[in-house]
Amino acid sequence: MLTRNRFLAGTAALVALSMIGPAGAQAPIKIGELNSYKVFPAFLEPYKKGWELAVEEVNAAGGVLGRKIEIVSRDDNGNPGDAVRVAEELLSREGVAFLIGTFPSNVGLAVADFAKQRKVLFIAAEPLSDKIVWDSGNAYTFRLRTSTYMQTAMLISDAAKLNKKRWAIVYPNYEYGQSATAAFKKLLSARQPGVEFVTEQATPLGKIDAGAVAQALADAKPDAIFSSLFGADLAKFVREGQQRGLFKGVEVFNLLAGEPEYLDPLKEEAPEGWYVTGYPWSEIKTPEHTKFLNAYQAKYKDYPRLGSVVGYATIMSAVEAIRKAGSLDQDKLIAAMRGLTHMTPFGMIEYRAIDHQSTMGAYVGRIGVKDGKGYMKDWRFVDGKDALPSDAEVLKMRPKN
Amino acid sequence: MSGAVLQVEGLHKAFGGVQAVADVSFAVSAGEMLALVGPNGAGKSTCFNMLNGQLAPDHGIVRLDGRDIVGLRPSAIWRLGVGRTFQITATFASLSVRENVQMALYSHAGRLRSLLSRFGTAYRAEADGLLQQVGMLDQADRTCGVLAYGDLKRVELAMALANQPRLLLMDEPTAGMAPRERVALMELAAGLARKRAIAVLFTEHDMDVVFSQADRIIVLDRGQLIAGGTPEEVRANPAVRAVYLGGTH
Amino acid sequence: MTFASILIQLLNGLAAAASLFLVSAGLSLIFGVTRIVNFAHGSLYMLGLYGAYTLIQALGRTPLGFWSAVLLAALLVGLAGVLIEVLILRRIYRAPELFQLLATFAVVLVIKDIALFVWGAEDLVGPRAPGLGMAVEILGKRIPAYDLLLIAIGPVVLAALWLLLTRTRWGALVRAATQDREMVGALGVDQAKLFTSVFFVGSVLAGLGGALQIPREPANLELDLSVIADAFVVTVVGGLGSIGGAFLAAIIIGVAKAFCIGIGTVTWFGTEIVFSKLTLVVEFLIMALVLVVRPYGLLGRPQAAQRIATDPAPPLTAPSWKIAAIWLVLLVAVPLAADRYVTILLTDIFCFALFAVSLHFIMGPAGMVSFGHAAYFGLGAYAAGLLFKRAGLPMEAALVLAPLCAGAFAVVYGWFCVRLSGVYLAMLTLAFAQISWSIVFQWDSFTGGSNGVFGVWPSAWLADKTTYYYLALACCGAGIALLWRVLFSPFGFVLRAGRDSPLRAEAIGIDLRGFQWAAFVLVGALAGLAGAVYAFSKGSISPSAISIAQSTDGLIMVLLGGVETLTGPIAGAAIFTWLRDEVARRTEFWRAVMGLVILAIVLLFPQGLVGGLKALAARWRERPA
Ligand SMILES: Nc1ncnc2c1ncn2[C@@H]1O[C@H](COP(=O)(O)OP(=O)(O)OP(=O)(O)O)[C@@H](O)[C@H]1O
Ligand SMILES: [Mg+2]
């Protein structure tokens, strides 16, 4: 019987906890944020710092619609099922106005579909998946970050310019790597007819057998390599490739590798000359970035990573959408998001009405090594709107609704 | 010996280099108590295991009512009417004594496949009857996991009897019991054997039990049959005395 | 592939095998002697890498600094292992089988957060080994000198272990305990000391395996779980407790992976086969193959006694339908009283409760532990999603058919699994789960690949969360009631009987395998139902529903509640789900907090929560009035 009583007590506690309802009227505007903090801490810790900074700034400036904003943040454990539950909790218990966040594609897509079902705005901050705005796009979901396709497209002109004939490809074996590879092959073939893809290596995420992969790539005698590896996989690949002379006389293109999150751990072994997308934070001198950089460094005594910019800009988007909508009504928020333009540390961005993708750009350049550290040299900023397919193509991919 | 229930011819079994059973032949007829004796490691249990299908003989024939049963699984051999007890008891430790016997009764009736009916409602009286016979009725509701060793042997016997066996194989059925109980239990087995015409093959280290209960005795030593006959003949056999009775054992 | 590349890939495989062998040898030793399925072994490996990284920085990047750092890190990890054994595991050796797994799982959570706290989130790329940073040229191809050293270290450690095991008294004890633990107890050996020493040696091997990887692999927080799965596979493929087997298996798996990569993409009879994609599952394919052919691994021997130091399972008490009815009434009333989120959380709990009860059915009463139960949960969820989205069936039909699909998979997987027993069986279930996972994960055009399937929403009349709550309650409640009912039927008794004594079951005419196979199918179907209900409650389904993590969650729920009671798994599912939801919201280091809570439960209630509470209640009743 003790058992039962214990259970009853447990249930009662559960019920009681759940009854603590949302706070009173002129309370801050609550925005629900969810992310896989514990699964991808390297990227998401800076991201969190980024949005915390933005919230502080927004509230110091008086908030929006005369109310402060409050972010209710949750960990989704990197699992779409948990993410949907957490999203429910944010909406139904916390009473948040709408949702922002997510990092892995499968979580982003699950929450996007949930947003469609619940008819609430969702600003996908980090997921790179092209599907989130195209094949699986929906009316309620908007995406901030420069997508896989866009980042790949940004590298294409450099790749085509080199006019290398034999390309080898290595990518992490899941959607991001697959779409990057598909986009790269398609775009490069279009620009450079006759290009040959001599080998392809799909490596399990986080578990690359770098020595064997480097050897297999070398065996194919490529002129150039396209890689979408990141994190620990990238570090292993770089080291093995260098030791085995894989990169000698071979041009390498690697998505994301210029982001401090992935470049900095390589230290003096950062691979010189690689073409990458990334974030040369110390060298960007635009006023909007300088302002962000100074505020960030003052608050955290640390430099920002790309995730910090994404986190910061996500809050900006949310706030600007509320301001433009003038209300928290979902239809008005959606209408406001479509075509919303606002400033970010990377300059002005626009959430395109046609596919809800923001035009946030990215930095493209080559890796150099200085003082035992990798950095991006010869970089240029590519505006996101120049890296997107034609409207006709987009319309063909995106489901009508 | 076409009337024999069990007929064994030229049974062999080796484990690696050890010839555990070598060229053993014997027969048991209905209503007969046959004792298989021999010193430790002689190969008695190995014999039993080959008879009920647990071990495959290297070669040799085992006939049950004239039918060759070598290669059949133990479960199939049970269905042909063979019940057995183990030297190291094997019962269902988390089930009650009665449920153990009921398992055997359900199995005998082929009623174990039911998914939704409640186990234990049928064959309760039958189970209690068997438990009464082996003297375990007063412990019917206890879990087998907590029983004393001798009591487990009784439960095993009740389970074997639940099959209404043609052949009963008992590997040291009285181990763990007091001397008086041993004789009583074996008398029970002998009575049943005669009344229901069951062929009984048993091993036993207690020679009093063997000589008082067995109709015939066969003697195994290092895998080989060295003697066989009535208790008197075996008692008188010098070879037996040498390897077995006369030994330090 | 040219001869040169074949040779180089072979060397790559051997180099990769070295660390794998060290970790697995440690795991095998520990399991052989203590029978503990030590999840935390991967965490020890991870600590080896982090420790080596820090120590190299402290001791300097000289050959002396590097090698002393590696050895020191291994020793420190050994001490960490001893700490885990002495502080936690020693207290629960007599708990029901596998319960220790729960404790080691909690340790994984705690160590992960400690590592995050101490070393931060960023990957730490260690230095190359001083003096060995260059490459050696072989047949015109370059291979790092350090890899060649690793290739040599494998056999050296194997030889050292072999000497230790065959030439010392300690080794003799370890071998005896691996064969038959009770015998060693009978010999009057101090078991506690033996276990602690085995933990030390095993953990040193894990730490050494990790530390030696520092020039090849950045220290990062994902290593623990990624290496533990591999180590288990190697241990099982080699044969539990067999060090030589682990060596062989590590080489086979390491080399197989290298060749999958080396072969790359080939076209056979017009179809393109991408071998490099096989690296995702090749070790599990090998394990499935080996276990089907050799049920005790390559060099393993049948365990003398599967029986561990635990007492036989206690009798099961039938559930009280009255109490169940009270619960039902309470749960029916919840949506009237509580806020919307409670119903949502409870809907999750219902799904997991059915999942856990189905797992309990097979691992408790039926005695067949499954490490891959998520296969059926996930396949049921996918079946529901795909029947709905791709076949265009109505949601109701998909919900009904999904369990049948999951059951169909269980027909195939179960047929192989019931031929094995113990940990081998458990690992084969895991292999099938991983194979299913990898197919689902890679079959983009059909399953949606790594993203999964979206838009799996219930029909309009069920769309309301409260209505769906009742549907989930009805489906999961009915599933649980069915399983409990079956447990007390003749069929259920056969399963329990077969667990208690397969020998006796066969001897009274029971064809055990057939029953066990049927049990697999039954629980597979019901886990599939849980998955289907779950899928429609989320609107989407992704490969994580079939992942090892999902399977582990199931095990944790069952063990947390108590494997020896019927209501335990439900309590475990409820508490685990609720706790995760609560704790994750309240603290950043929620994993460590979860781990500590589980550890507290483990130490306070070594029979699981419900089991422990029942024991307490019994003691209360028996106290002198
Ligand atoms: N499974 C086995 N593997 C290897 N050897 C075995 C096995 N079973 C029995 N043996 C060996 O076969 C021989 C006969 O053993 P068995 O158990 O049949 O003897 P027994 O006559 O029943 O002895 P006891 O009176 O001690 O029960 C012994 O030497 C034993 O060690
Ligand atoms: Mg014997």
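**Exercise 1. Work out how much area is buried between domain 1 and domain 2 of chain B, and which residues supply it.**

*Solution.* Start with the total: the two domains of chain B bury about 2100 Å² between them, with carbon and sulfur atoms giving 58%. Buried area here is the accessible area (1.4 Å probe) that two parts lose on being put together, summed over both. On the domain 1 side, W78(B), D171(B) and L188(B) supply 27% of the area buried against domain 2, more than any other three residues.

Next, the bounds: domain 1 covers 1-81 + 165-249 and domain 2 covers 82-162, as set by an automatic or database domain assignment.

Before going on, keep in mind that this is a predicted model, where local features need pLDDT of at least 70 and side-chain atom pairs count only at pLDDT 80 or more, while totals for chains, interfaces and linings use all residues. Residues are numbered from 1 along each chain as its sequence is written, chains are lettered from A and ligands numbered from 1 in the order in which they are written, and side-chain values use heavy atoms, with hydrogens and water left out.

**Exercise 2. Find the salt bridge between the two domains of chain B, then count the polar contacts.**

*Solution.* There's one salt bridge between domain 1 and domain 2, meaning a side-chain nitrogen of Lys or Arg within 4 Å of a carboxyl oxygen of Asp or Glu. E181(B) pairs with R154(B) in a salt bridge, and their closest N and O atoms are 3.2 Å apart.

**Exercise 3. Identify which residues come nearest to ligand 1.**

*Solution.* Of the 13 residues around the ligand (a heavy atom within 4 Å), the nearest are G41(B), K44(B), S45(B), T46(B) and Q87(B). Take G41(B): a backbone N or O atom sits 2.8 Å from a ligand oxygen. For K44(B), a polar side-chain atom lies 2.8 Å from an oxygen atom of ligand 1.

**Exercise 4. Describe the interface of chain A and chain C.**

*Solution.* First, the area: about 7200 Å² is buried, and carbon and sulfur atoms give 53%. In chain A, K38(A), R85(A) and Q243(A) lose the most area to chain C, together 12% of what that side buries. Then the charges: 16 salt bridges cross this interface. One example is E217(C) with K236(A), whose closest N and O atoms are 3.0 Å apart.

Key
A polar contact is a pair of N or O atoms within 3.5 Å; within protein, one must be able to donate a hydrogen and the other to accept it, and residues adjacent in sequence count only if both atoms are side-chain atoms.
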